Amino acid sequence: MSTTVPRPPAPVSQAAATPHHHGPIGRLGRWAATHRRAVFAVWAVLVIGLGVFAPKVEHALSGAGWQDSGSESVQVRDLVQQEFGGLNSTGLMVALHSTTDTATSPAFAQRIAAVTRVLQEDDRVSQVVGPQPGVTISQDGRTAIVMAGAAADANDMVRAADDLKEPVRALGDDRIEIAMTGASGLWSDFNEANRAAMMKSELYSWPVTLSILVLAFGGLAAAGLPLLLTILGLVASAGSLYLGTHVFDISIWAMNFALMFALALGIDYALFVVMRFRAALRETPDDVPDAVAATMDTAGKAVLFSGITVLISLSAVMLVDSPAFRSMAGGIMVSVIFVLAASLTLLPAVLGRKGHRINARAVPWAKTSEPRSARFAAWGERLWARPWLAGLAALGVLLALAVPVLHLDTGMPSIKVVPQEDSSRVGYGLVQDAFGPGAPGTLQVVVPTAEADAARTALQADGGIAQVAPAQPGRSGDVVLLQAVPRTDPSDPSVGATIDRLRDTLPAGSQVGGATAENHDLEQELAAKTPLVIGVVLALGFLLLLVALQAPLVALIGTVTNLLATGAAFGVAKLVFQDGHGASLLGFESQGFLDAWGPVFFFAMIFAISMDYTVFLLSSAKEHWDRTGDPKEAMVGGLAHSGRVIFAAAAVMVAVFFTFALSGPLPPKEMGIILGVAVLLDAALVRLLLVPVLLRLIGRAAWAVPAPLKRILPDVRFGH
């Protein structure tokens with residue numbers, strides 16, 4: 001068991017004469033500080049070894065995987081791949097349109113032949129099916145569709161679209177417009193637009209981040225440490241993700257989110273550790289390794305618990321049976337592991353090397369500031385004196401912002417997430433104009449051959465179906481394929497209702513698939529798993545806080561209050577992205593709903609980041625409670641020692657996230673607004689206001705531990 005540090009600090013000679021007994025994390029920090037060369041060597045080998053693969057990662061990551069792997073629609077995709085020459089949802093679709101020529105004219109026929117040659121030359125294309133009258137040639141003859149079957153999996157077909165969309169588009173001229181569309185084309189444009197937007201946002205965010213860090217740390221020397229952790233964590237993560245692609249498919253979004261979390265956690269952890277190290281140096285100015293050990297015994301332990309909480313939150317996303325979601329969560333977890341490892345080993349080694357030079361090139365207040373912030377201490381005193389007014393005001397604002405979430409609608413991304421000038425959106429419009437609003441979302445219905453006529457009759461009788469193409473026999477002769485065009489746009493909720501209705505009414509053995517059905521099935525999977533993911537995250541988060549803080553009520557406060565900021569952030573998202581308020585200002589076209597992955601994935605991300613601030617605040621409060629047994633000192637002292645860190649870390653995160661809101665496509669805007677608002681509200685209204693007020697109102701009972709529970713829990717203390 002650890003002993004407590006007396007306050008005020010003992011004189012240097014006395015401190016040196018009384019050795020501190022540090023816990024495992026403190027001893028690890030001291031070892032890293034005194035064995036710096038070994039630590040630096042290990043990290044150099046790790047980063048260089050993995051960094052060799054980092055430049056290759058972007059081309060190895062997958063662009064598809066947005067599916068419910070166990071769904072009926074994915075089974076249809078595989079069956080169509082086998083029976084119908086790969087003409088499934090991942091095949092390529094090229095639309096040709098002319099205002100002057102028809103599909104039978106020589107000029108138009110030459111373009112069709114040229115498109116066919118380009119597609120046939122690619123090994124990932126199994127067959128090319130030219131335009132067919134009444135099926136893929138419009139009634140006026142001015143629009144035609146060329147279909148290319150998939151000879152590879154969904155990820156490779158997105159890569160095929162990456163390679164072929166521009167050569168195909170270049171075959172057009174002023175008379176005949178040519179554009180690749182379809183699901184693979186859409187994901188190709190979607191990923192490309194988002195990659196460009198993320199890079200643009202990162203370009204904006206780095207100078208903003210560095211500026212805020214310099215202000216927060218008071219100097220360049222200390223401000224560079226979070227960036228060091230971020231860069232090393234990112235390089236190691238990128239190399240690891242590349243190696244992982246040789247085992248399973250990893251979404252390209254995993255890299256984007258890994259970068260963001262490496263930046264977020266690198267800043268949070270370095271802020272907390274470095275500021276605590278400065279305080280420890282004041283206590284033992286002649287013993288830098290002991291100052292590092294004291295820092296890691298307190299701040300380092302909080303960082304460890306925070307990192308574990310982040311990993312738990314993200315691991316819950318694995319419950320969604322989708323390769324894209326699982327690989328994105330896995331990619332972020334890899335970056336968290338590297339940043340956490342660097343924070344517990346490399347950062348102490350750097351602090352041990354720098355020592356008092358941590359304040360190099362610092363402004364005067366950074367060198368002389370007390371570890372206990374006078375401003376946040378005064379804020380804590382004010383909340384202690386008048387808790388009800390501040391607490392009710394914060395709660396009222398959060399609840400008011402959360403009310404719109406009761407009417408939040410979600411859906412899979414529509415064509416509106418792709419820039420208007422991109423090939424897939426141009427082709428989408430051409431297909432809709434020529435064949436009807438539901439044509440881009442044509443359903444693929446695989447039926448036993450004996451039931452073909454009955455299935456066709458059922459499809460034609462359904463009010464949600466506009467047209468049914470003639471049946472195509474499969475290679476085995478056991479099944480036929482019926483292509484059914486919905487009456488409405490693929491993103492319209494009525495199409496999902498049509499799919500569910502057809503699955504109930506079609507003859508036994510029939511299966512409904514196609515890209516629209518795959519989106520619908522993934523949306524259903526997300527809707528089913530979201531409550532489970534949220535429940536698992538909350539339960540495991542509570543248990544971890546209970547172990548860390550040893551107090552059930554405090555752990556419950558830390559967990560449940562996360563829901564307030566999350567609910568408020570999604571309430572704002574409903575107003576902005578579903579209702580379109582501020583759409584012109586932010587430069588996007590509202591889909592009329594929030595993308596379906598938002599509730600589950602963004603919740604896990606918000607909870608993970610919020611728990612950083614929760615652990616920092618409540619671990620500091622627990623340290624003061626263990627030292628004094630005074631609930632006022634626990635609340636006020638916790639704010640005084642952690643408030644500045646929370647404020648600075650949140651300022652960086654809000655600035656970074658809001659830069660994503662400036663990006664072109666819709667998904668980065670959703671992410672930037674939702675995460676930015678969540679962090680802003682969580683730091684300003686929850687961690688620095690509502691949680692301290694709850695600690696004030698509950699008093700000593702907040703820190704009470706039932707005797708049976710005390711016997712079970714390990715003894716965890718944030719002090720030396």
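Which helices each supply at least two residues of the lining of the second largest cavity?

**View 1. Lining of the second largest cavity in the predicted model.** The helices in question are α8 (182–217), α10 (252–283) and α23 (631–660), each of which supplies at least two residues of the lining. The largest share, four residues, comes from α10. The lining consists of E202, S205, W206, N256, L259, M260, L263, V656 and F660. The space in this second largest cavity is about 60 Å³. The count of cavities of 30 Å³ or more comes to three.

**View 2. The aromatic pair W66 and W597.** A search of the whole structure finds 15 aromatic pairs. In the pair of W66 and W597 the ring centres are 4.6 Å apart and the planes stand at 40 degrees, so the pair is tilted. W66 belongs to the loop between α4 (57–60) and α5 (72–83), and W597 to the loop between β11 (594–595) and α22 (598–628), so the pair ties together parts that are 531 residues apart in sequence. W66 is buried, at 5% relative accessible area; W597 is also buried, at 4%.

**View 3. Cluster of aromatic rings around this pair.** Ring pairs link W66 and W597 with W187, F190, W253, F325 and F601 in a cluster.

**View 4. Charged end of R696 over the ring of W384.** The distance from the charged end of R696 to the centre of the W384 ring is 4.6 Å.

**View 5. Residues 1–19, with pLDDT below 50.** The chain has a mean pLDDT of 88, and 94% of its residues reach 70 or more. Over residues 1–19 the pLDDT is below 50, and this stretch has 22 contacts in the model beyond near neighbours in sequence.

Definitions and conventions: Residues are numbered from 1 along each chain as its sequence is written. This is a predicted model: local features need pLDDT of at least 70, side-chain atom pairs count only at pLDDT 80 or more; totals for chains, interfaces and linings use all residues. Side-chain values use heavy atoms; hydrogens and water are left out. Rings of Phe, Tyr and Trp (its six-membered ring) pair if their centres lie within 6.5 Å; planes under 30 degrees apart count as stacked, over 60 as edge-to-face and the rest as tilted. Buried means under 20% relative accessible area, exposed over 50%, partly exposed in between (1.4 Å probe, protein chains only). A charge sits over a ring if NZ of Lys or CZ of Arg is within 6 Å of the ring centre and within 35 degrees of the ring normal. pLDDT is the predictor's confidence in each residue, from 0 to 100. Contact means heavy atoms within 4.5 Å. On a 1 Å grid over the protein atoms alone, a cavity is a set of points where a 1.4 Å probe fits but cannot get out, and a pocket is an open set with protein on both sides within 12 Å along at least five of seven lines; lining residues have an atom within 4 Å of a point. Grid points are joined across faces, edges and corners, and a volume is the space filled by probe spheres set on the points.
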